[in-house]
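Let's take a walk through this fold, one interaction at a time. Keep the 3D view open as you read.

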Amino acid sequence: MMVDYKKYIAIEPNKRFGKPILIGTRISVYDVLNWLANGMSKKEILIDFPELKEESINACLSFVANRENSIRVA
């Protein structure tokens, strides 16, 4: 079951140049995905950024999966 990312992610023009961020932080979805792509585990991310929860990380993955599914190919 996918996490409802809308509870965790917001896009605010005055934070991080309007990139999607985790609510209550300045951590962007891109940051989390980049850490995962570079081999960090969820546990390592949570240790380095205690303001995050596992649900926040899962919300980032859900957000991107939803976005990817919405892309239209000509």
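Predicted model: local features only at pLDDT ≥ 70, side-chain atom pairs only at ≥ 80, totals over all residues.

In soluble globular proteins, nonpolar side chains tend to be buried together. Here the largest nonpolar core has 13 residues, and the members that touch the most others are Ile9, Leu22, Ile27 and Val32. Helices H1 and H3 each put in at least two residues, with H3 giving the most, four residues. Isoleucine 27 is a handy one to click on: beyond its neighbours within four places in sequence, its contacts include Leu22 and Val32, both also listed among the core members that touch the most others. Isoleucine 27 also contacts Trp35 and Phe49, among others.

Those two residues take us to the aromatic rings. A pair of rings is described by the distance of the centres and the angle of the planes, and this model has two aromatic pairs. The pair of tyrosine 5 and phenylalanine 63 is edge-to-face, at 5.2 Å centre to centre with 80° between the planes. Tyrosine 5 sits in the segment before E1 and phenylalanine 63 in helix H3, so the pair links parts of the chain 58 residues apart. Both partners are buried, tyrosine 5 at 17% relative accessibility and phenylalanine 63 at 10%. Tryptophan 35 and phenylalanine 49 are stacked, because their ring centres are 4.3 Å apart and their planes are at 15°. This pair ties helix H1 to the loop between H2 and H3, parts that are 14 residues apart in sequence. Tryptophan 35 is buried at 17%, while phenylalanine 49 is partly exposed at 23%; the cut-off for buried is under 20%.

Now for the charges. Side chains of opposite charge can pair when their charged atoms come close. How many salt bridges does the structure hold? There are three. Arginine 16 and aspartate 31 meet at 2.8 Å, N to O. That pair links distant parts of the chain, 15 residues apart: arginine 16 is in the loop between strands E1 and E2, and aspartate 31 is in helix H1. Is aspartate 31 buried or exposed? With a relative accessible area of 15%, aspartate 31 is buried, whereas arginine 16 is partly exposed at 24%. Aspartate 31 also has Arg26 as a contact.

Glutamate 54 and lysine 42 form another bridge, at 3.8 Å. Glutamate 54 lies in helix H3 and lysine 42 in helix H2, so this bridge ties together parts that are twelve residues apart in sequence. Both are partly exposed, glutamate 54 at 40% and lysine 42 at 29%. Lysine 15 and glutamate 12 meet at 3.7 Å, and these two are partly exposed as well, at 24% for lysine 15 and 26% for glutamate 12. One more charge is worth a look: the charged end of lysine 19 sits over the ring of tyrosine 30, 6.0 Å from its centre.

Finish at serine 28, in the loop between strand E2 and helix H1. Serine 28 is buried at 0% relative accessibility. Leaving aside its neighbours within four places in sequence, serine 28 touches Arg16, Pro20 and Ile21. Arg16 brings us back to the bridge with aspartate 31, and Arg16 is also a contact of isoleucine 27.

How values were computed:
Residues numbered from 1 in each chain as written. Heavy atoms only, no water. Buried < 20%, exposed > 50% of the residue type's maximum accessible area, 1.4 Å probe, protein only. Contact = heavy atoms within 4.5 Å. Salt bridge = Lys/Arg side-chain N within 4 Å of Asp/Glu carboxyl O. Core = buried A, V, L, I, M, F, W, Y, C linked by side-chain atoms within 4.5 Å. Phe/Tyr/Trp six-rings, centres within 6.5 Å; stacked < 30°, edge-to-face > 60°. Lys NZ or Arg CZ within 6 Å of the ring centre and 35° of its normal.
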